[in-house]
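This report describes a protein model in plain terms. Please look at the sequence and the structure first.

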Amino acid sequence: MGGVIGTSFSCGIDSLTTIYDCYVNEQDEDYKINALFLFDCGTHGVYQDPKSHEAYNQEYIYNKPAADELGLPVHQVKSNVHAFMGNIKDFQLDKLHGRGIFNSGSWGTFAMFSCIFALQNGINKYYQPNTYGYEEIKDWGKYSRNYDITKFSECYLVPLLQTESVELITYGCQYTRTQKTEHISDWHIMKKYLNFGCKKNGILCGHCSKCTRALCILDVMGKIEEFSTTFDLKAYRKKLFIKKCHLKYNAITASTYTAGALEIVEYYETHKNNTMPSAFTAWIYMFFYRARRKIARMLKM
(Lines give C-alpha, C1' and ligand atoms only; values in the text may rest on other atoms or scores of the structure.)
Protein backbone atom coordinates (compact mmCIF):
# COMPACT_ATOMS: atom_id res chain seq x y z
CA MET A 1 0.00 0.00 0.00
CA GLY A 2 1.30 3.45 -0.93
CA GLY A 3 2.08 6.22 1.48
CA VAL A 4 0.41 9.10 -0.35
CA ILE A 5 -2.21 11.06 1.59
CA GLY A 6 -3.79 13.43 -0.89
CA THR A 7 -6.61 15.80 -1.68
CA SER A 8 -7.81 17.77 -4.68
CA PHE A 9 -6.19 21.10 -5.42
CA SER A 10 -8.73 23.44 -6.95
CA CYS A 11 -7.88 26.23 -4.47
CA GLY A 12 -11.58 26.85 -3.88
CA ILE A 13 -13.04 27.35 -0.39
CA ASP A 14 -13.69 23.62 0.12
CA SER A 15 -10.24 22.62 -1.14
CA LEU A 16 -8.34 25.21 0.92
CA THR A 17 -10.29 24.41 4.09
CA THR A 18 -9.32 20.74 3.73
CA ILE A 19 -5.65 21.63 3.18
CA TYR A 20 -5.67 24.09 6.09
CA ASP A 21 -7.10 21.56 8.55
CA CYS A 22 -5.52 18.36 7.27
CA TYR A 23 -2.08 19.69 6.44
CA VAL A 24 -1.33 22.99 8.17
CA ASN A 25 -3.04 22.06 11.47
CA GLU A 26 -2.86 18.25 11.37
CA GLN A 27 -0.35 16.75 13.82
CA ASP A 28 -0.96 13.04 13.16
CA GLU A 29 1.38 11.97 10.35
CA ASP A 30 -0.95 9.07 9.51
CA TYR A 31 -3.61 11.60 8.46
CA LYS A 32 -1.52 14.60 7.40
CA ILE A 33 -1.79 15.47 3.70
CA ASN A 34 1.49 15.03 1.83
CA ALA A 35 0.38 15.44 -1.80
CA LEU A 36 -2.07 17.42 -3.93
CA PHE A 37 -3.93 16.29 -7.06
CA LEU A 38 -5.33 18.21 -10.00
CA PHE A 39 -7.52 16.17 -12.35
CA ASP A 40 -8.29 16.74 -16.02
CA CYS A 41 -11.15 14.29 -16.43
CA GLY A 42 -14.05 16.24 -17.89
CA THR A 43 -14.77 19.07 -15.50
CA HIS A 44 -12.80 21.56 -17.61
CA GLY A 45 -14.65 20.85 -20.86
CA VAL A 46 -15.09 18.45 -23.75
CA TYR A 47 -12.10 16.18 -24.27
CA GLN A 48 -11.93 16.93 -28.02
CA ASP A 49 -11.98 20.70 -27.43
CA PRO A 50 -8.44 22.14 -27.03
CA LYS A 51 -9.90 24.94 -24.90
CA SER A 52 -10.77 22.44 -22.17
CA HIS A 53 -7.13 21.46 -21.80
CA GLU A 54 -6.09 25.11 -21.95
CA ALA A 55 -8.48 25.81 -19.06
CA TYR A 56 -6.98 22.91 -17.08
CA ASN A 57 -3.42 24.07 -17.77
CA GLN A 58 -4.32 27.63 -16.78
CA GLU A 59 -5.75 26.40 -13.48
CA TYR A 60 -2.51 24.50 -12.83
CA ILE A 61 -0.46 27.62 -13.57
CA TYR A 62 -2.53 29.69 -11.12
CA ASN A 63 -2.53 27.04 -8.37
CA LYS A 64 1.02 25.67 -8.56
CA PRO A 65 2.63 28.63 -6.69
CA ALA A 66 0.34 27.89 -3.73
CA ALA A 67 1.58 24.30 -3.61
CA ASP A 68 5.17 25.50 -3.83
CA GLU A 69 4.63 27.88 -0.91
CA LEU A 70 3.00 25.07 1.09
CA GLY A 71 5.84 22.72 0.23
CA LEU A 72 3.58 20.05 -1.27
CA PRO A 73 3.96 18.21 -4.59
CA VAL A 74 1.16 18.48 -7.17
CA HIS A 75 0.29 15.38 -9.21
CA GLN A 76 -1.38 16.16 -12.53
CA VAL A 77 -3.73 13.36 -13.54
CA LYS A 78 -5.24 13.37 -17.03
CA SER A 79 -7.89 10.95 -18.24
CA ASN A 80 -9.73 10.56 -21.53
CA VAL A 81 -12.70 8.78 -19.94
CA HIS A 82 -14.98 11.71 -20.74
CA ALA A 83 -14.14 11.41 -24.44
CA PHE A 84 -16.48 8.41 -24.52
CA MET A 85 -19.27 9.72 -22.29
CA GLY A 86 -20.51 12.90 -23.98
CA ASN A 87 -23.21 11.21 -26.07
CA ILE A 88 -24.72 9.23 -23.21
CA LYS A 89 -28.07 10.67 -22.15
CA ASP A 90 -27.41 10.55 -18.40
CA PHE A 91 -24.08 12.36 -18.76
CA GLN A 92 -25.07 15.52 -20.59
CA LEU A 93 -22.90 18.60 -20.56
CA ASP A 94 -23.61 21.77 -18.64
CA LYS A 95 -22.51 25.17 -19.88
CA LEU A 96 -19.89 26.94 -17.78
CA HIS A 97 -17.83 29.94 -18.88
CA GLY A 98 -18.85 29.26 -22.49
CA ARG A 99 -17.60 25.67 -22.46
CA GLY A 100 -19.36 22.34 -22.29
CA ILE A 101 -18.67 21.01 -18.81
CA PHE A 102 -19.68 17.70 -17.28
CA ASN A 103 -21.57 18.43 -14.08
CA SER A 104 -18.72 18.06 -11.60
CA GLY A 105 -21.20 17.17 -8.87
CA SER A 106 -22.64 14.18 -10.73
CA TRP A 107 -20.77 12.08 -13.26
CA GLY A 108 -17.68 14.28 -13.00
CA THR A 109 -17.25 13.18 -9.39
CA PHE A 110 -17.17 9.52 -10.42
CA ALA A 111 -14.72 10.34 -13.21
CA MET A 112 -12.41 11.88 -10.63
CA PHE A 113 -12.68 8.85 -8.36
CA SER A 114 -11.87 6.60 -11.32
CA CYS A 115 -8.55 8.44 -11.55
CA ILE A 116 -7.93 7.88 -7.84
CA PHE A 117 -8.73 4.18 -8.12
CA ALA A 118 -6.36 3.87 -11.08
CA LEU A 119 -3.61 5.09 -8.74
CA GLN A 120 -4.77 3.30 -5.60
CA ASN A 121 -1.61 1.24 -5.24
CA GLY A 122 0.21 4.46 -4.47
CA ILE A 123 -2.49 6.27 -2.49
CA ASN A 124 -3.15 5.42 1.14
CA LYS A 125 -5.80 8.01 2.01
CA TYR A 126 -7.63 10.59 -0.05
CA TYR A 127 -9.58 13.55 1.37
CA GLN A 128 -12.57 14.56 -0.70
CA PRO A 129 -13.48 18.21 0.09
CA ASN A 130 -17.23 18.36 0.57
CA THR A 131 -19.71 20.87 -0.83
CA TYR A 132 -22.55 20.74 1.71
CA GLY A 133 -22.63 20.39 5.48
CA TYR A 134 -24.54 17.59 7.21
CA GLU A 135 -27.55 19.77 7.99
CA GLU A 136 -27.65 21.16 4.45
CA ILE A 137 -27.65 17.70 2.88
CA LYS A 138 -30.39 16.61 5.27
CA ASP A 139 -32.59 19.63 4.58
CA TRP A 140 -31.86 20.47 0.95
CA GLY A 141 -30.13 17.49 -0.63
CA LYS A 142 -33.40 16.16 -2.03
CA TYR A 143 -33.63 19.16 -4.35
CA SER A 144 -30.33 18.13 -5.94
CA ARG A 145 -31.24 14.46 -6.40
CA ASN A 146 -31.38 14.65 -10.20
CA TYR A 147 -28.86 17.45 -10.50
CA ASP A 148 -25.86 17.00 -8.23
CA ILE A 149 -25.13 13.72 -6.48
CA THR A 150 -22.53 15.29 -4.17
CA LYS A 151 -25.13 17.67 -2.73
CA PHE A 152 -27.58 14.79 -2.45
CA SER A 153 -25.46 12.12 -0.77
CA GLU A 154 -21.79 13.10 -0.62
CA CYS A 155 -21.24 12.71 3.14
CA TYR A 156 -22.19 9.03 3.13
CA LEU A 157 -21.60 8.05 -0.52
CA VAL A 158 -17.85 8.71 -0.67
CA PRO A 159 -16.84 6.26 2.13
CA LEU A 160 -18.89 3.55 0.40
CA LEU A 161 -16.77 3.90 -2.75
CA GLN A 162 -13.43 3.22 -1.08
CA THR A 163 -11.52 0.00 -1.67
CA GLU A 164 -9.29 -2.22 0.44
CA SER A 165 -6.31 -0.22 -0.90
CA VAL A 166 -7.38 3.40 -0.52
CA GLU A 167 -9.41 5.08 2.22
CA LEU A 168 -11.71 7.87 1.03
CA ILE A 169 -12.48 10.55 3.59
CA THR A 170 -15.14 13.21 3.06
CA TYR A 171 -13.90 16.35 4.75
CA GLY A 172 -15.67 19.58 5.66
CA CYS A 173 -19.21 18.37 6.37
CA GLN A 174 -18.81 19.71 9.89
CA TYR A 175 -18.73 23.26 8.48
CA THR A 176 -21.19 25.42 6.60
CA ARG A 177 -19.84 27.49 3.70
CA THR A 178 -19.87 30.66 5.79
CA GLN A 179 -17.97 28.87 8.57
CA LYS A 180 -15.37 27.66 6.08
CA THR A 181 -14.89 31.17 4.74
CA GLU A 182 -14.55 32.55 8.27
CA HIS A 183 -12.21 29.71 9.23
CA ILE A 184 -9.58 30.44 6.60
CA SER A 185 -10.21 34.16 5.96
CA ASP A 186 -7.01 35.20 7.75
CA TRP A 187 -4.84 32.58 6.01
CA HIS A 188 -2.39 34.23 3.64
CA ILE A 189 -2.66 31.32 1.20
CA MET A 190 -6.37 32.01 0.73
CA LYS A 191 -5.79 35.72 0.14
CA LYS A 192 -3.10 35.04 -2.45
CA TYR A 193 -4.31 31.92 -4.24
CA LEU A 194 -8.10 31.52 -3.85
CA ASN A 195 -9.40 30.30 -7.21
CA PHE A 196 -12.94 29.73 -8.48
CA GLY A 197 -11.90 29.06 -12.08
CA CYS A 198 -12.80 32.61 -13.16
CA LYS A 199 -9.45 34.35 -12.86
CA LYS A 200 -8.31 36.86 -15.43
CA ASN A 201 -4.81 38.24 -15.18
CA GLY A 202 -4.57 36.62 -11.77
CA ILE A 203 -7.68 38.35 -10.33
CA LEU A 204 -11.01 36.65 -9.59
CA CYS A 205 -13.85 38.11 -11.66
CA GLY A 206 -15.88 39.28 -8.64
CA HIS A 207 -19.27 38.91 -10.31
CA CYS A 208 -19.89 35.16 -10.80
CA SER A 209 -22.04 33.26 -8.29
CA LYS A 210 -19.06 31.79 -6.41
CA CYS A 211 -17.31 35.14 -6.12
CA THR A 212 -20.53 36.82 -5.05
CA ARG A 213 -21.21 34.32 -2.27
CA ALA A 214 -17.66 34.53 -0.92
CA LEU A 215 -17.54 38.32 -1.11
CA CYS A 216 -20.93 38.73 0.57
CA ILE A 217 -19.60 36.75 3.53
CA LEU A 218 -16.34 38.70 3.65
CA ASP A 219 -18.30 41.94 3.31
CA VAL A 220 -20.43 41.15 6.36
CA MET A 221 -17.26 40.16 8.24
CA GLY A 222 -15.74 43.56 7.44
CA LYS A 223 -12.76 41.94 5.71
CA ILE A 224 -13.58 42.61 2.08
CA GLU A 225 -10.84 45.21 1.59
CA GLU A 226 -8.27 42.66 2.69
CA PHE A 227 -9.12 40.82 -0.55
CA SER A 228 -8.82 43.80 -2.90
CA THR A 229 -5.96 42.11 -4.75
CA THR A 230 -7.79 38.75 -4.82
CA PHE A 231 -11.13 39.87 -6.34
CA ASP A 232 -12.28 42.53 -8.75
CA LEU A 233 -14.22 44.45 -6.09
CA LYS A 234 -15.44 47.02 -8.60
CA ALA A 235 -17.20 44.29 -10.59
CA TYR A 236 -18.65 42.87 -7.37
CA ARG A 237 -20.16 46.19 -6.32
CA LYS A 238 -21.38 47.17 -9.78
CA LYS A 239 -24.58 45.06 -9.68
CA LEU A 240 -24.60 44.06 -6.02
CA PHE A 241 -28.28 44.84 -5.46
CA ILE A 242 -29.29 42.59 -8.36
CA LYS A 243 -27.06 39.79 -7.07
CA LYS A 244 -28.61 40.09 -3.62
CA CYS A 245 -32.08 39.89 -5.17
CA HIS A 246 -31.05 36.58 -6.75
CA LEU A 247 -29.73 35.31 -3.42
CA LYS A 248 -32.84 36.39 -1.53
CA TYR A 249 -35.16 34.85 -4.12
CA ASN A 250 -33.24 31.55 -4.13
CA ALA A 251 -33.36 31.55 -0.33
CA ILE A 252 -37.17 31.66 -0.27
CA THR A 253 -37.74 29.10 -3.04
CA ALA A 254 -36.94 25.39 -3.00
CA SER A 255 -34.29 24.85 -5.65
CA THR A 256 -30.81 23.43 -6.10
CA TYR A 257 -29.48 26.84 -5.03
CA THR A 258 -31.59 27.14 -1.87
CA ALA A 259 -29.12 25.93 0.74
CA GLY A 260 -26.21 28.18 -0.24
CA ALA A 261 -28.40 31.24 -0.72
CA LEU A 262 -30.36 30.65 2.48
CA GLU A 263 -27.16 30.34 4.47
CA ILE A 264 -25.90 33.71 3.22
CA VAL A 265 -29.24 35.45 3.86
CA GLU A 266 -29.28 34.03 7.40
CA TYR A 267 -25.66 35.13 7.84
CA TYR A 268 -26.70 38.72 7.07
CA GLU A 269 -29.56 38.48 9.57
CA THR A 270 -27.38 36.93 12.27
CA HIS A 271 -24.90 39.80 11.96
CA LYS A 272 -27.75 42.36 11.95
CA ASN A 273 -26.79 43.55 8.48
CA ASN A 274 -29.91 45.02 6.81
CA THR A 275 -28.50 45.51 3.31
CA MET A 276 -30.21 42.40 1.92
CA PRO A 277 -33.40 43.30 -0.05
CA SER A 278 -36.76 42.22 1.31
CA ALA A 279 -38.42 39.03 0.08
CA PHE A 280 -41.09 41.11 -1.69
CA THR A 281 -38.50 43.26 -3.48
CA ALA A 282 -36.54 40.17 -4.57
CA TRP A 283 -39.69 38.42 -5.80
CA ILE A 284 -40.79 41.45 -7.87
CA TYR A 285 -37.34 41.83 -9.39
CA MET A 286 -37.08 38.14 -10.28
CA PHE A 287 -40.58 38.14 -11.79
CA PHE A 288 -39.61 40.82 -14.29
CA TYR A 289 -36.12 39.36 -14.74
CA ARG A 290 -37.54 35.97 -15.72
CA ALA A 291 -40.23 37.52 -17.91
CA ARG A 292 -37.62 39.53 -19.79
CA ARG A 293 -35.45 36.45 -20.36
CA LYS A 294 -38.43 34.41 -21.55
CA ILE A 295 -39.47 37.10 -24.03
CA ALA A 296 -35.89 37.35 -25.30
CA ARG A 297 -35.77 33.58 -25.90
CA MET A 298 -39.12 33.68 -27.74
CA LEU A 299 -37.89 36.46 -30.01
CA LYS A 300 -34.84 34.39 -30.96
CA MET A 301 -36.97 31.41 -32.05
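Is C208 buried or exposed? C208 is buried, with a relative accessible area of 17%; buried means under 20% relative accessible area, exposed over 50%, and partly exposed in between, using a 1.4 Å probe and protein chains only.

The model is predicted, so local features need pLDDT of at least 70 and side-chain atom pairs count only at pLDDT 80 or more, while totals for chains, interfaces and linings use all residues. Residues are numbered from 1 along each chain as its sequence is written, and side-chain values use heavy atoms, with hydrogens and water left out.

**Overall make-up.** The protein has 12 helices and nine strands. Helices (H or I, at least four residues) and strands (E, at least two) are DSSP runs, numbered from the N terminus. Of the 301 residues in the protein, 50% are buried. Among contacts with a separation of 6 or more, 71% come from residues 24 or more positions apart; contact means heavy atoms within 4.5 Å.

**Around C208.** C208 lies in the loop between strand 9 (203-204) and helix 8. Its C-alpha atom is separated by 8.5 Å from that of Y236, and the two residues are 28 residues apart along the chain.

**Two helix pairs.** Two packed helices are described by the angle between their axes and the distance between the axes. Axes are lines fitted to C-alpha atoms, for helices over the stretch in contact, and angles run from 0 to 180 degrees between N-to-C directions.

| Pair | Axes come within | Crossing angle |
|---|---|---|
| helix 6 (residues 177-184) and helix 8 (residues 209-221) | 10 Å | roughly 60° |
| helix 10 (residues 240-251) and helix 12 (residues 279-300) | 8 Å | roughly 100° |

The angle makes helix 6 oblique to helix 8, whereas helix 10 and helix 12 are roughly perpendicular to each other. Angles under 35 degrees count as roughly parallel, over 145 as roughly antiparallel, 65 to 115 as roughly perpendicular and the rest as oblique.

In the pair of helix 6 and helix 8, the contact is made by R177, T178, T181 and E182 of helix 6 and by I217, L218 and M221 of helix 8.

For the other pair, helix 10 contributes F241, I242, C245, H246, K248 and Y249 to the contact, and the residues from helix 12 include W283 and R290.

**Buried side of helix 6.** Which residues of helix 6 are buried? They are T178, K180, T181 and I184. These residues cover an arc of only 160° around the axis, which puts them on the same side of helix 6. The arc is that of the directions from the helix axis to the C-beta atoms.
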